[in-house]
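Me: I have a model open and want to go through some of its local features. Can you take my questions as they come?

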Amino acid sequence: MWLVVKRLWLGLALILLASAGLLFSGAGPRQSGSARKWNIHVIQYNDVLDSNETKEGALAGLRESGLVEGRDYELHFSNAQGDMATVSALVDSAVTQNADLLLTFSTPTLQAAIRRGKGTPVVFAYVASGIAAGAGTSHTDHLPFVTGVDISVGYPQMMALVKEYFPRVRRLGTLHVPAETNMVYFLEQFQEAASKAGMEIEVVPVSTATDVPDAAQALVGKRIDAVMQMPGNLVASAFGSIARAATQAHLPVFAFQKAQVEQGAMVAITREYFDSGRLAGAQAARVIRGESPARIPMENFSSTYLVVNPEAARAAGITLPHALLRRAEQEAGAHRGNH
């Protein structure tokens with residue numbers, strides 16, 4: 001029940017945020033809509049569950065703001081399917097088609113929009129850190145045409161959980177993609193949280209999706225106690241091979257993305273992707289109504305929830321503690337909330 005109440009309060013807060021933006025923006029002539037129809041180009045880097053949930057949340061945020069698709073805005077969707085070179089082409093295409101707003105999901109798409117968007121307003125989501133991605137020096141001091149929502153990873157919460165329910169785990173292993181700005185940022189946070197918890201991290205670098213299976217085998221051979229995979233675009237699309245390597249080695253797998261629980265992680269403290277997208281959608285509505293992105297602070301969204309996958313644990317020969325199962329807010333395969 002408390003989850004329902006939590007979601008209702010969050011929805012109310014987002015609606016009030018959108019209303020406040022409208023009130024103080026000095027927005028266009030129609031209070032319920034925009035002054036003209038906007039062309040919004042929705043650009044994703046890859047087609048994974050968490051990115052799609054964030055996108056659906058953003059579209060819900062637009063609708064909840066009172067704007068109407070077809071009357072106030074038109075949506076144009078594109079997805080690079082994990083191909084970095086395609087990301088730039090998608091941004092170029094949006095600019096050529098006179099996009100009024102770029103709604104980007106992932107660090108690579110945000111960075112491409114900043115570099116190649118020619119000043120087109122940008123609202124981002126599904127990003128580790130807008131600052132690390134180059135959008136600004138702080139959440140209030142940022143590029144004048146950019147705003148959006150970045151999301152924190154629950155490293156401290158995960159470390160506390162592991163110490164409580166898996167006290168023998170001391171050495172953690174993870175794959176790292178040095179070319180991804182978001183993973184470089186996440187690794188620093190991961191190392192800091194592990195150090196505070198008295199744990200060690202074994203890191204294996206990887207460059208392409210085809211390298212992941214061999215890198216995963218190398219990782220589980222390094223005498224680690226568990227795999228704790230950092231979030232990332234490449235590892236999200238190839239996580240199944242990481243989980244299989246860990247399962248064969250009878251190692252527990254901890255993760256931070258819902259999609260990874262569905263692919264074999266046994267425990268995840270995952271972010272509220274849908275609701276972070278709703279917040280970005282509310283920001284986009286403020287821009288459409290005439291407010292400059294320069295006046296809209298970037299936001300950090302830190303809400304998380306606990307997901308377990310008992311079947312994945314059993315496959316690795318591990319039984320999840322009953323206390324952990326009772327504490328979990330969702331099991332793999334179950335739908336949460338109304339999205």
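**Loops, helix pairs and salt bridges**

Reply: Gln 81 counts as exposed, because its relative accessibility is 56% (buried means under 20% relative accessible area, exposed over 50%, partly exposed in between, with a 1.4 Å probe and protein chains only). This is a predicted model, in which local features need pLDDT of at least 70 and side-chain atom pairs count only at pLDDT 80 or more, while totals for chains, interfaces and linings use all residues. Residues are numbered from 1 along each chain as its sequence is written, and side-chain values use heavy atoms, with hydrogens and water left out.

Me: Where is Gln 81 found?

Reply: Gln 81 is in the loop between β2 (73–79) and α3. Helices (H or I, at least four residues) and strands (E, at least two) are DSSP runs, numbered from the N terminus.

Me: And what is the phi of Gln 81?

Reply: The phi of Gln 81 is near 50 degrees, a positive value in a residue other than glycine. Most residues other than glycine have a negative phi.

Me: Which loop holds Asn 98, and what is its phi?

Reply: Asn 98 is in the loop between α3 and β3. Its phi is positive, about 60 degrees, although Asn 98 is not a glycine. With a relative accessible area of 57%, Asn 98 is exposed.

Me: What about Gln 97, where is its place?

Reply: Gln 97 is in the loop between α3 and β3 (101–105). Gln 97 counts as partly exposed, at 42% relative accessibility. From C-alpha to C-alpha, Gln 97 is 8.8 Å from Asn 39 in space, and the two are 58 residues apart in sequence.

Me: Switching to helices. At what angle do the axes of α3 and α4 cross?

Reply: Roughly 45 degrees, with the axes of α3 (residues 84–96) and α4 (residues 107–116) coming within 9 Å. Axes are lines fitted to C-alpha atoms, for helices over the stretch in contact, and angles run from 0 to 180 degrees between N-to-C directions. The two helices α3 and α4 are therefore oblique to each other (under 35 degrees counts as roughly parallel, over 145 as roughly antiparallel, 65 to 115 as roughly perpendicular and the rest as oblique).

Me: Is the crossing of α3 and α4 left-handed or right-handed?

Reply: Right-handed. A crossing is right-handed if the near helix is turned clockwise from the far one by less than a right angle, and left-handed if anticlockwise.

Me: Which residues meet there?

Reply: From α3, Met 84, Val 87, Ser 88, Val 91, Asp 92 and Val 95 meet Pro 108, Thr 109, Ala 112, Ala 113, Arg 115 and Arg 116 of α4, where contact means heavy atoms within 4.5 Å. The residues of this contact divide into 7 nonpolar, 2 polar and 3 charged. Ala, Val, Leu, Ile, Met, Phe, Trp, Tyr, Cys and Pro count as nonpolar, Asp, Glu, Lys and Arg as charged, and the others, Gly among them, as polar.

Me: What links Asp 92 and Arg 116?

Reply: Their side chains meet in a salt bridge, 2.7 Å from N to O (a side-chain nitrogen of Lys or Arg within 4 Å of a carboxyl oxygen of Asp or Glu). Asp 92 in α3 and Arg 116 in α4 are 24 residues apart, so the pair links distant parts of the chain. Asp 92 is partly exposed, with a relative accessible area of 28%, and Arg 116 counts as partly exposed at 35%.

Me: How many salt bridges does a search of the whole structure find?

Reply: The search finds 13. One of these pairs is Lys 258 with Glu 53, whose closest N and O atoms are 3.1 Å apart. Lys 258 lies in α10 (residues 258–262) and Glu 53 in α2 (residues 49–64), 205 residues apart.

Me: Are Lys 258 and Glu 53 buried or exposed?

Reply: Lys 258 counts as buried, at 6% relative accessibility. Glu 53 also counts as buried, at 10%.

Me: How far apart are the closest N and O atoms of Glu 202 and Arg 171?

Reply: They are 2.9 Å apart, in a salt bridge. Glu 202 lies in β7 (residues 200–205) and Arg 171 in β6 (residues 171–176), so the pair ties together parts 31 residues apart in sequence. Glu 202 is partly exposed, with a relative accessible area of 22%, and Arg 171 counts as partly exposed at 25%.

Me: Back to α2. At what angle does its axis cross that of α11?

Reply: Roughly 40 degrees, and the axes of α2 and α11 (residues 273–288) come within 6 Å. The helices α2 and α11 are therefore oblique to each other, and α2 passes α11 in a right-handed crossing. The residues of this contact divide into 9 nonpolar, 6 polar and 5 charged.
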